[in-house]
Amino acid sequence: MTIDVRPRDLRRAAAAMEAANEQVENANPSDRMAEISSGLPGGASASQVAPLISALDARFGDWCDGATQQSDGYRGAARDYEATDHDAGSEGRRQQTTVSVVGDHWTGGPTPGSGFNRGPAIVRPGDTVRGNLARIAGRMDGDH
């Protein structure tokens, strides 16, 4: 199974969550609730306005806080993925420069047959273990 992570899509999701957050903040009716108590003075509903405002502020606030956390999480995941992907790419490129043998040719240096890195050797699958170990040991001693 392959997972295809696209930081660009994570950032789009973060932006969409921020837009939804803004809409929810603007939809909170608690600032208009005070009109109920002034519109119906002396009514039974007037005494319930303050608890209703508090409840609405809490629910809308919780949703908006969660949306902000989600958006921050998407952005953080995109940033982390890019950093990890970059590090993995750098390591892959580093390892490519340490590849010692392709066929019978040294490829770790600027010209065929030269080498500036005595890094990990690629063994020859058809060779014996003893032959591969001797080749690796020779490279570690400076033989190319």
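These are my notebook entries on a predicted model of one protein chain.

**Entry 1. Overall layout**

I began with the chain as a whole. The chain has 144 residues, and buried residues make up 18% of them. I found 4 helices and 2 strands. Reading along the sequence, I noted the order α-α-α-β-β-α. Helix α1 covers residues 7–27, helix α2 covers 34–39, and helix α3 covers 49–98.

I then looked up the surface. The accessible surface of the chain comes to about 10100 Å², and carbon and sulfur atoms account for 56% of that. For contacts with a separation of 6 or more, I noted that 46% are between residues 24 or more positions apart.

**Entry 2. Salt bridges**

How many salt bridges does a search of the whole structure find? The search gives 3. Side chains of opposite charge can pair when their charged atoms come close. I went through the pairs one at a time.

I took R12 and D9 to start. R12 forms a salt bridge with D9, and their closest N and O atoms are 3.3 Å apart. Both residues sit in helix α1, and because they are 3 residues apart there, about one helical turn separates them. I logged R12 as exposed because its relative accessibility is 53%, over the 50% cut-off. D9 has a relative accessible area of 34%, so I logged D9 as partly exposed.

I went on to R11 and E82. Their side chains meet in a salt bridge, with 2.8 Å from N to O. R11 lies in helix α1 and E82 in helix α3, so this pair ties together parts that are 71 residues apart in sequence. R11 is partly exposed at a relative accessible area of 32%. E82 is also partly exposed, at 38%.

I ended with E18 and R75. E18 forms a salt bridge with R75, with the closest N and O atoms 2.8 Å apart. This pair links distant parts of the chain, since E18 is in helix α1 and R75 is in helix α3, 57 residues apart. I have E18 down as partly exposed, with a relative accessible area of 39%. R75 counts as partly exposed at 27% relative accessibility.

My note on the set: the R11 pair and the E18 pair each join helix α1 to helix α3, whereas R12 and D9 are both within helix α1.

**Entry 3. The negative patch**

Which residues form a negative surface patch? I listed E22, E25, D62 and D65. Helices α1 and α3 each supply at least two residues of this patch.

I checked one of the members, D62. D62 lies in helix α3. Its relative accessible area is 55%, so D62 is exposed.

Q23 is in helix α1. Is Q23 buried or exposed? Q23 is exposed, because its relative accessible area is 58% and the cut-off for exposed is over 50%.

I turned to I53, which is placed in helix α3. At 23% relative accessibility I53 counts as partly exposed; it does not count as buried because that needs a value under 20%.

What does I53 touch, leaving out residues up to four places away in sequence? I53 touches S30, M33 and A34. Of these, A34 belongs to helix α2, which runs over residues 34–39. I also noted P29, which is 24 residues from I53 in sequence, with 8.3 Å between the two C-alpha atoms.

**Entry 4. Q48**

Where is Q48 found? Q48 is in the loop between α2 and α3. Its relative accessibility is 49%, so Q48 counts as partly exposed; exposed would need a value over 50%. From Q48 to M33 I have 10.0 Å, C-alpha to C-alpha, and 15 residues in sequence. M33 is also one of the residues that I53 touches.

Terms used: Residues are numbered from 1 along each chain as its sequence is written. This is a predicted model: local features need pLDDT of at least 70, side-chain atom pairs count only at pLDDT 80 or more; totals for chains, interfaces and linings use all residues. Side-chain values use heavy atoms; hydrogens and water are left out. Buried means under 20% relative accessible area, exposed over 50%, partly exposed in between (1.4 Å probe, protein chains only). Patches are made of residues with over 30% relative accessible area and no salt bridge: like charges are joined within 9 Å, nonpolar side chains (Val, Leu, Ile, Met, Phe, Trp, Tyr) within 5 Å. Accessible areas come from the Shrake-Rupley method with a 1.4 Å probe; for residues, only the protein chains shown count as cover. A salt bridge is a side-chain nitrogen of Lys or Arg within 4 Å of a carboxyl oxygen of Asp or Glu. Lys and Arg count as positive and Asp and Glu as negative; His and the chain ends are not counted. The place of a charge is taken as NZ of Lys, CZ of Arg, CG of Asp or CD of Glu. Contact means heavy atoms within 4.5 Å.
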